[in-house]
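Please find below a short note on the model under review.

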Amino acid sequence: MIRVLGIETSCDETAASVVAFDGGRPEILSNVVLSQIEEHAAFGGVVPEIAARAHVEALDGVIAAALEESGTSLGEVDGVAATAGPGLIGGLIVGLMTAKALAAAGGKELIAVNHLEGHALTARLTDGLAFPYLLLLVSGGHTQILLVRGVGDYERWASTIDDALGEAFDKTAKLLGLPYPGGPNVERQAAKGNAARFDFPRPLKGEARPDFSFSGLKTAVRQAATAIAPLSEEDVADICASFQRAITETLEERVGRSLARFRETCPGLAAPALVVAGGVAANKAIRATLESLCHGHGMRLVAPPLELCTDNAAMIAWAGIERLRAGLAGADAMEMAPRSRWPLDSGATPIIGSGKRGAKA
Ligand code: KG4
Ligand code: ZN
């Protein structure tokens with residue numbers, strides 16, 4: 001039985017969790033997430049300085065709560081796993097240094113986890129998924145498709161060349177006067193609107209490269225909104241519906257290319273799967289699009305429960321367990337400094353603009 005305490009502080013959630021694994025089904029013994037949304041809402045986005053301070057204030061209590069809820073003492077855990085990047089450097093410092101202190105004091109293994117690896121391996125925690133599989137990560141800071149071949153073995157197939165998908169939702173919401181975070185509010189408005197009223201672009205449509213781009217879409221929304229301002233409630237709903245339709249159609253075309261490539265690259269899999277993770281995976285229209293797209297490619301869509309799709313520490317604890325089991329915990333973790341940028345596939349050629357905000361993943 002392995003038990004790991006996970007700590008996540010890379011953006012605006014202060015989170016801690018204890019996950020146990022005895023070789024059968026992993027068990028999440030606790031999963032505490034303290035969101036800072038209210039602290040950032042007035043600014044329409046995450047303010048790094050506020051986030052770092054909030055992590056300092058909250059982290060001790062969140063860790064204590066996670067240990068207590070799990071019925072585990074620090075002495076009983078086998079390791080402490082913390083997000084070491086990518087993300088906002090202030091928060092990363094708070095989380096990783098706290099983990100180092102706990103590991104040193106308790107004589108525990110320290111595992112410095114890449115936040116993206118946490119997202120990438122979650123489907124094994126929730127669904128026991130076997131390698132290889134394809135991952136679509138769509139959050140406020142990242143939009144990428146990764147081939148997940150094994151623990152520590154990732155190949156990035158596609159990235160956004162400008163805005164992340166969640167960022168496009170958030171910026172669209174902001175310019176329409178909808179509250180932060182924008183995604184859920186845009187989705188709510190879209191349900192009431194006419195998706196055929198505005199003809200927004202489908203960025204990169206038809207291009208062979210499998211990447212994403214969303215900034216042109218955001219600009220088109222701004223121009224449409226400016227042209228008919230002041231906006232009625234109906235206008236806002238119609239813009240949201242048309243925007244969301246442009247997104248789902250874009251995903252269908254863009255993601256479809258990688259699904260076809262996956263089927264070619266990994267033939268003969270018993271149950272080929274696309275995993276979707278990140279906050280945008282909450283969007284029902286997007287989920288439905290991905291479901292039918294997967295179906296068309298003879299694949300299944302695996303969507304972990306929402307609280308494990310968005311930022312949390314259970315995924316970090318689990319990545320820690322996976323790394324311990326694979327002998328990849330990293331003996332030099334104690335010397336490791338947090339990294340605001342940290343691509344999963346460090347060998348790949350960088351894509352201009354990918355993950356440029358670096359704040360959320
Ligand atoms: O994964 P997450 O909680 O945080 C990080 O970005 O790491 O994702 C948050 C993002 C925000 O941009 C938010 O607007 C978006 O996910 N989001 C949604 C929905 N719910 C959250 N986007 C579209 N539709 C939604 N229902
Ligand atoms: Zn994330």
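The numbered points below concern a predicted model.

1. Strand S9. This strand spans residues 273–277, and five of its five residues are buried. Ala 273, Val 275 and Ala 277 point one way from S9, whereas Leu 274 and Val 276 point the other way. In a regular strand, side chains alternate between the two faces of the sheet.

2. Neighbours of S9. Strand S6 (residues 133–138) runs parallel to S9 and is joined to it by four bridges; within this pairing, Leu 135 has Val 275 as its bridge partner. Strand S10 (residues 300–302) also pairs with S9 in the parallel sense, over three bridges. Here Leu 274 stands opposite Leu 301 of S10.

3. Together with helix H9 (residues 284–296), the strands S9 and S10 make a right-handed β-α-β unit.

4. Cysteines. The structure holds zero disulfides. For Cys 266, the nearest cysteine sulfur belongs to Cys 294 and is 14 Å away; a disulfide requires the two sulfur atoms to be within 2.5 Å, so Cys 266 is in no disulfide. Cys 294 is likewise in no disulfide, the nearest cysteine sulfur being that of Cys 309, at 13 Å. Cys 266 is buried, with a relative accessible area of 11%, and Cys 294 is buried at 1%.

5. Nonpolar surface patch. Ile 89, Ile 93 and Met 97 make a nonpolar surface patch of about 240 Å². Met 97 lies in helix H3 (residues 89–106) and is partly exposed, with a relative accessible area of 37%.

Key. Residues are numbered from 1 along each chain as its sequence is written. Chains are lettered from A and ligands numbered from 1 in the order in which they are written. This is a predicted model: local features need pLDDT of at least 70, side-chain atom pairs count only at pLDDT 80 or more; totals for chains, interfaces and linings use all residues. Side-chain values use heavy atoms; hydrogens and water are left out. Patches are made of residues with over 30% relative accessible area and no salt bridge: like charges are joined within 9 Å, nonpolar side chains (Val, Leu, Ile, Met, Phe, Trp, Tyr) within 5 Å. Accessible areas come from the Shrake-Rupley method with a 1.4 Å probe; for residues, only the protein chains shown count as cover. A salt bridge is a side-chain nitrogen of Lys or Arg within 4 Å of a carboxyl oxygen of Asp or Glu. Helices (H or I, at least four residues) and strands (E, at least two) are DSSP runs, numbered from the N terminus. Buried means under 20% relative accessible area, exposed over 50%, partly exposed in between (1.4 Å probe, protein chains only). Two strands pair if DSSP finds at least two bridges between them. A crossover is right-handed if, with the strands pointing away from the viewer, the path from the first strand over the helix to the second runs clockwise.
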